[in-house]
Structures are given as structure tokens and as C-alpha cells.
Amino acid sequence: MKAIRHLILKDILLEWKQKYAINGILLYIISTIFLCSLAFEGLLEPNTWNALFWVVLLFAAVNAISKSFVQENPGRQVYYYSVARPQDIILAKIVYNILLMCVLSILFYIIFTLFLGNFVQNQVLFFLCFFIGSIGLASLFTMISAIASRTSNNFALMAILGFPIILPLLLLLIKISKTAIQQASWQGTGGLIVAMTGINLIIIVLSYLLFPYLWRE
Amino acid sequence: MDSFKRHWWKGLGVILLIYTIIAGFLIQVPDLPIIHQSIRNLFFHVCMWFSMIFYFGVSMVYSIRYLSGFKEDNDRVADEASHVGLLFGLLGIVTGMIWANFTWGKPWVNDPQLNGAAVSILVYLAYRVLRNSLDEEHKRAKVSAVYNIFAFVILVIFLFILPKMAEGSLHPGKGKDETMTVKELDNTMRLVFYPAIIGWIILGGWILQLRIRIRKLSDQAFED
């Protein structure tokens with residue numbers, strides 16, 4: 001537990017010290033949304049808005065998380081290996097990325113609303129949905145970035161490896177947020193939210209079990 | 001006698017497939033609206049998907065075995081089984097497209113079954129790309145085994161929840177439009193359908209065995 005806390009703090013400090021990374025992601029989000037607002041002018045209806053929201057957020061997530069295991073040099077990685085269990089390392093990374101994704105997606109939501117308007121009727125459901133969604137995106141792409149970081153072209157592989165398996169989660173998210181846009185009630189979303197939480201748990205458990213094999217070399 | 005013990009299953013597979021082809025084209029099938037005689041494609045198209053998932057499953061099981069002992073043989077099986085699974089997947093798509101073109105008027109429609117199939121194939125194509133982008137043998141075996149297990153588990157969940165989420169499927173027996181359910185599947189058709197599944201899976205096993213042998217030989221030749 002203590003190791004995990006230290007590793008998370010280390011990541012936050014590192015992020016704070018090299019602000020260019022997070023600023024880069026923010027700028028990426030702003031310019032993508034701005035681009036969409038120009039390209040989709042006059043075309044936006046609730047369903048398009050919803051689809052665009054998740055697709056842009058997906059790309060933002062890939063961008064933000066792809067550097068998880070490559071920003072630090074191999075020497076430092078060996079050092080972590082000697083002082084911490086691999087399970088601690090992956091859990092710390094997942095928690096850190098979840099925090100990062102939550103902050104990013106709230107900012108994302110605000111910027112998106114500013115440029116492209118807001119069609120959501122049930123705000124609480126929508127927030128819950130993209131909170132669980134951020135957890136899912138963060139944990140899945142953390143593991144994928146761990147896999148991709150072992151190869152030489154990290155970023156391209158992130159998308160190739162990640163997109164097919166993010167699909168179940170993304171479809172669930174789109175379905176729930178569609179409900180939040182169309183109606184103010186919660187009707188028919190309970191099962192979907194449980195399913196989504198279940199998928200998140202499975203992703204985290206699998207990462208916990210499988211990461212040690214990636215780490216040891 | 002000894003060779004019979006080792007090879008009987010290949011014979012069984014061949015007999016089952018010959019039976020599938022002959023009976024599949026000759027038996028009396030129920031004349032359902034829209035599908036008509038094209039229902040005979042059930043013995044080919046649907047079996048392709050069963051075999052595909054079966055061999056992706058085999059690939060995943062051997063990835064687990066690789067990670068628990070790091071034996072090179074298990075990695076080889078996992079790799080080749082993914083090839084066999086992909087072969088069945090592509091054949092499944094081709095036979096499906098012919099069928100869809102006949103019954104629905106176009107080769108590709110937005111349908112949960114089709115999406116599931118497309119995603120399975122994308123996952124294992126990604127697995128192949130991942131393997132090819134790693135040079136060092138042990139690293140390749142380990143990293144791709146991890147991805148194989150991770151992706152397969154999520155894939156199974158996906159195939160499980162996807163049809164439930166959909167508002168209805170064009171495939172008979174799934175969703176709300178129930179022109180034909182599996183329960184109602186004609187009894188004479190069952191007599192061909194089940195042997196057909198076993199036959200195609202055995203054929204896949206034979207292909208897999210040959211591929212592994214070729215692979216072993218080429219690995220040996222490379223080392224010498």
C-alpha cells in the first residue's frame with residue numbers, strides 16, 4: 001500500500017515538474033474540439049454530439065496515456081523494478097491515470113460545452129457515465145501502453161491494439177449517454193452501469209495478473 | 001494398427017465433411033421466407049464462426065501455458081492457432097457476405113453479430129502486428145501472450161453482451177425478429193449441423209498440426 005502511494009505521488013510530482021506534457025494534452029483537446037466545431041457547423045444534433053464527444057475523448061485518452069511507460073528512461077525503470085513489486089507499479093499507474101483522466105475529462109466536458117453546446121438532459125447520469133468511462137479508458141489504455149511500450153513504435157500500436165478491445169466499453173458508454181441526452185429519467189440504465197463497472201473491474205484484475213510478465217525481462 | 005490410433009481423427013474429419021457437403025446440399029430443408037434454399041449456408045457459414053472462436057480459444061489457452069512455464073512449443077501453438085482462427089474468420093466473413101447479399105440485399109449491414117465478428121478479427125490481426133513488431137524471441141512470446149489473454153477475455157465479454165445490448169438483430173434467432181430460433185431448427189438440419197461443426201473443427205486441428213510441424217522444421221533449419 002505504502003509503495004503504491006509513493007509511486008502515485010512520484011508520478012504526480014513528475015507531471016507537475018514537466019508541465020509541458022499535460023499542457024500538450026490540453027492544447028490537443030482544445031484544438032481538436034475547435035476543429036470539430038468548425039467542421040461540424042450546422043450539422044450538430046444530439047446523436048452526432050454524443051458520438052463526437054466519445055470519439056474525441058477516446059483520442060485524447062490515447063494521447064494522454066500512451067506515454068505512461070516511455071517517459072522515463074530504462075535505467076530508472078530498472079530501479080523501480082528493484083524497489084517495488086510489479087503489481088504495485090501497475091496499480092499505481094492505473095490509479096494515477098484514472099486521476100489524470102478524470103481531471104482531463106472534466107476539463108474536456110467544459111471545453112466541449114463551450115464550443116459545441118450541450119444537449120444533456122440528465123446531467124447526473126451523464127457525469128456518472130463519463131466518470132466510470134474515464135476509469136475504464138484509463139485502466140485499459142494503461143495496460144495497452146505497457147504492452148506497446150515493449151515495442152519500437154509505441155503510438156501506432158496503442159491505437160491498433162487498443163481500439164478493438166475498447167469497443168465494448170465505448171458502445172456501452174454511448175448507449176448510456178444517449179439515454180442521458182434523450183430523457184431526464186434513469187430508466188433502463190441500471191443494468192448497463194453494472195455491466196460497465198464489471199468490465200472495468202475485469203480489466204483491472206487482468207492487468208494486475210498479467211503485468212508482472214511484461215515487467216520482468 | 002499404431003498408425004490408425006494416431007490418424008483416425010483425420011479420417012473422421014474427412015468423412016464428416018464429405019457427409020456435410022453431400023447431405024448439406026441434398027436434404028430437405030424447411031422453406032422459410034427470405035432465406036429459402038440459402039439456409040443450407042448454415043452448414044458452412046455458422047460453422048466457420050464456431051471454429052474461429054474455438055481456435056482463438058486454443059491460442060489463448062496455449063498463451064496461458066506459455067506464461068506458466070515459458071516453453072517455446074506453447075508459444076508456437078498459440079501463434080499458429082491464431083493463424084487458423086483467422087483463416088476461419090476470413091472464410092466466415094466471405095460466406096456471410098455472399099449470404100447477406102442474397103437475403104438482405106447488401107454484403108455488409110450494421111448488425112451485432114457482424115460487429116462481433118469484425119472485432120474478433122481485428123483483435124487477432126492486431127495480435128499478428130504486435131508479434132511482427134517484436135524481434136527478440138522471448139520478448140515476443142511473452143508480450144504477445146499477455147496481449148492474447150487480455151484481449152481474448154475482453155472479446156468474450158463483448159461477444160456475450162453485444163447481442164443483449166442491441167435493439168434487435170437481423171440474424172434469425174437473435175433479437176426480436178424471430179423467424180427461426182435455434183430451438184425450432186429443423187431436426188433433419190440438426191443431423192447435418194452438429195456433425196458439420198465437429199468436422200470443420202477437426203479440419204482446423206489438422207491444419208494446425210501441419211502448420212506447427214512446418215514451423216518447427218523452419219525454426220530448426222534457421223538454427224542450423
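In what order do the elements of chain B run from the N terminus on? In this predicted model, they follow the pattern α-α-α-α-α-α, and the secondary structure of chain B amounts to six helices and zero strands; helices (H or I, at least four residues) and strands (E, at least two) are DSSP runs, numbered from the N terminus. Local features need pLDDT of at least 70 and side-chain atom pairs count only at pLDDT 80 or more, whereas totals for chains, interfaces and linings use all residues. Residues are numbered from 1 along each chain as its sequence is written, chains are lettered from A in the order in which they are written, and side-chain values use heavy atoms, without hydrogens and water.

Among contacts (heavy atoms within 4.5 Å) in chain B between residues at least 6 apart in sequence, 78% join residues at least 24 apart.

A surface patch of negative charge comprises Asp135(B), Glu136(B), Glu137(B), Glu223(B) and Asp224(B). The charge is placed at CG of Asp or CD of Glu. Glu223(B) belongs to helix α6 (residues 187-223) of chain B.

On chain A, a nonpolar surface patch includes Ile30(A), Leu38(A) and Phe127(A). Helix α5(A) gives the most to this patch, with six residues, while Leu38(A) lies in helix α2 of chain A.

Notes:
Patch = residues over 30% accessible without salt bridge, like charges linked within 9 Å, V, L, I, M, F, W, Y side chains within 5 Å. Areas by Shrake-Rupley, 256 points an atom, 1.4 Å probe, with all protein chains shown as cover. Salt bridge = Lys/Arg side-chain N within 4 Å of Asp/Glu carboxyl O. Lys, Arg positive; Asp, Glu negative; His and termini not counted.
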